[in-house]
Each structure stands twice: as C-alpha cells, then as structure tokens.
Amino acid sequence: MDLQKPDPHPPTGTAAPGLDASGLRASDAERDRIADILHDALAEGRLTADEHAERVEGVLRAKTVGELEVFIRDLPAAHAPRPAHAPAPHRPTAGAIPIEPDDNVVAVFSSAVRKGRWRAGRRIHAYAIFGSVEIDLSEALYDHQQVVVKSFAIFGSVDIRVPENVSLRGMGGGVLGSFEVATLDSGDPQAPIVYVDGWAVLGSVEARARRGKIVADILDRVQRKVDRSLRKHLGH
C-alpha cells in the first residue's frame with residue numbers, strides 16, 4: 001500500500017487537521033499511545049519496517065500533541081473513537097500480588113529510606129516502630145502495573161510519595177493514628193497503580209503524589225516495544 005509519508009521532522013506546533021489543543025505539550029503516555037498504534041500498523045502490513053522506524057524516531061522527538069498526531073493521521077486508528085478510560089480498581093487484581101514481599105523497609109528506633117532510581121517490586125512492606133520510613137516511588141522503575149505498599153506504623157511514621165501520572169489507592173486504616181492516602185487517577189490505562197495498605201497504630205501513614213514528578217521509564221518502555229517489534233520483523 002502506497003502511504004503518504006509524513007515529514008519525519010515536523011515543525012514545532014504542526015498539528016493534524018481537526019484536532020483541538022494540538023499545541024499542548026505531549027505527555028509520555030501520549031507518546032506511548034502513538035508508538036502502540038505504529039507497532040500495530042507494522043504488524044498489519046500498513047507500514048514498512050523503515051517507515052515504522054522513521055515514525056517512531058519522530059514520536060520520540062515530538063514536543064506537542066499535534067506533532068504526534070502527524071505520524072498516525074493516515075492510519076485507521078487515528079480516526080477511531082477512543083474508548084472511555086475506566087478508573088483504576090480499588091483493589092488489586094486477584095492473584096496479581098504475591099504474598100511474600102519483594103522488599104522490606106524497616107525502621108525500629110531509627111529511619112529508613114528508599115528513593116531515587118530504584119526498581120519497585122509488586123509488594124513492598126514498610127515497618128516503622130518508634131521510627132520513620134520514607135518510600136519515594138517518584139523516580140522508580142515499574143516492572144509491574146500493580147504495586148502494593150503494606151505499611152505498619154506503630155508509634156512511628158511511613159511517608160509514601162508517587163509520581164503524578166500513576167493511580168493511587170488507599171486500603172488501610174488507623175487505630176488512634178492517622179492513615180491518609182490522597183487518591184489519584186491517571187488518564188493512562190497502562191499507568192502503574194499503587195495500593196497503600198496496612199495500619200497506623202498511634203502513628204501515621206501518609207501517601208500522596210510528588211508535584212512535578214512523572215513515571216520516568218515511559219520512554220524506555222516505548223523503546224523496548226520498538227526494539228521487540230523490529231527484532232520480530234527481522235526474524236531475530
């Protein structure tokens with residue numbers, strides 16, 4: 001099929017016809033969505049391997065929503081209605097979270113911190129007994145969509161921070177203590193969901209988004225999808 005190739009270097013602010021807010025800055029979730037559409041088009045034979053690679057390279061460079069839409073405007077998916085995004089469930093999927101923790105963070109008459117560029121497991125246990133625990137997921141790598149942070153604060157505190165573009169849910173409670181989770185909903189159905197469970201006994205558990213932080217490995221996930229699709233196309 002002879003498809004008109006878009007300019008791989010569209011000028012800043014270029015928008016697909018008929019799109020509203022095309023000049024808005026593109027998010028990582030929007031780049032991920034466009035990369036998925038291009039991957040499907042390659043699998044369906046609508047794009048050649050060279051066209052696919054060229055467009056994905058442009059997606060990774062795009063700054064605005066309009067620039068992103070240029071790369072799919074000649075594909076059927078660009079004209080299909082987008083399904084409504086349902087809110088994240090209030091409980092993890094049955095069987096998705098192991099019983100045993102992947103990581104234990106313990107502070108007994110002390111303090112413990114997990115932050116920076118670390119890999120978050122599916123289940124994290126935090127124990128603050130006459131101490132304080134800080135779990136900062138704002139720059140973490142997410143290998144799984146659902147993450148449970150089981151928190152126990154006994155005469156202590158557990159402080160949890162997440163990126164702004166994940167979903168956050170609370171499932172625990174307090175006994176003469178404070179258990180506060182600032183619920184958060186992501187607009188991306190593929191975004192991680194962090195569930196904070198446990199108890200605050202004469203202590204405190206607090207979980208909320210860290211302003212200005214987003215999941216940092218979205219582009220890495222896009223690139224991994226691109227690499228996999230190219231390897232599959234080339235027979236490796």
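Buried means under 20% relative accessible area, exposed means over 50%, and partly exposed is in between, with a 1.4 Å probe and protein chains only. By that definition Tyr 127 is partly exposed, because its relative accessible area is 27%.

A word on the source. This is a predicted model, in which local features need pLDDT of at least 70 and side-chain atom pairs count only at pLDDT 80 or more, while totals for chains, interfaces and linings use all residues. Residues are numbered from 1 along each chain as its sequence is written, and side-chain values use heavy atoms, with hydrogens and water left out.

Now the aromatic rings. Rings of Phe, Tyr and Trp (its six-membered ring) pair if their centres lie within 6.5 Å; planes under 30 degrees apart count as stacked, over 60 as edge-to-face, and the rest as tilted. Searching the whole structure gives three aromatic pairs.

Phe 109 and Phe 130 are stacked, because their ring centres are 5.0 Å apart and their planes are at 0°. Phe 109 is in the loop between β1 (103-108) and β2 (111-114), and Phe 130, 21 residues apart from it, is in the loop between β4 (123-129) and β5 (132-136). Strands here are DSSP runs of E, at least two residues, numbered from the N terminus. Phe 109 is exposed at 65% relative accessible area, and Phe 130 is partly exposed at 42%.

Back to Tyr 127. With Phe 152 it forms a stacked pair, 5.4 Å centre to centre and 10° between the planes. Tyr 127 lies in β4 and Phe 152 in β7 (residues 146-154), so this pair ties together parts 25 residues apart in sequence. Phe 152 is partly exposed, at 24%.

Finally, Phe 109, Phe 130 and Phe 155 form one aromatic cluster.

How values were computed: Helix = DSSP H or I, 4+ residues; strand = E, 2+ residues; numbered from the N terminus.
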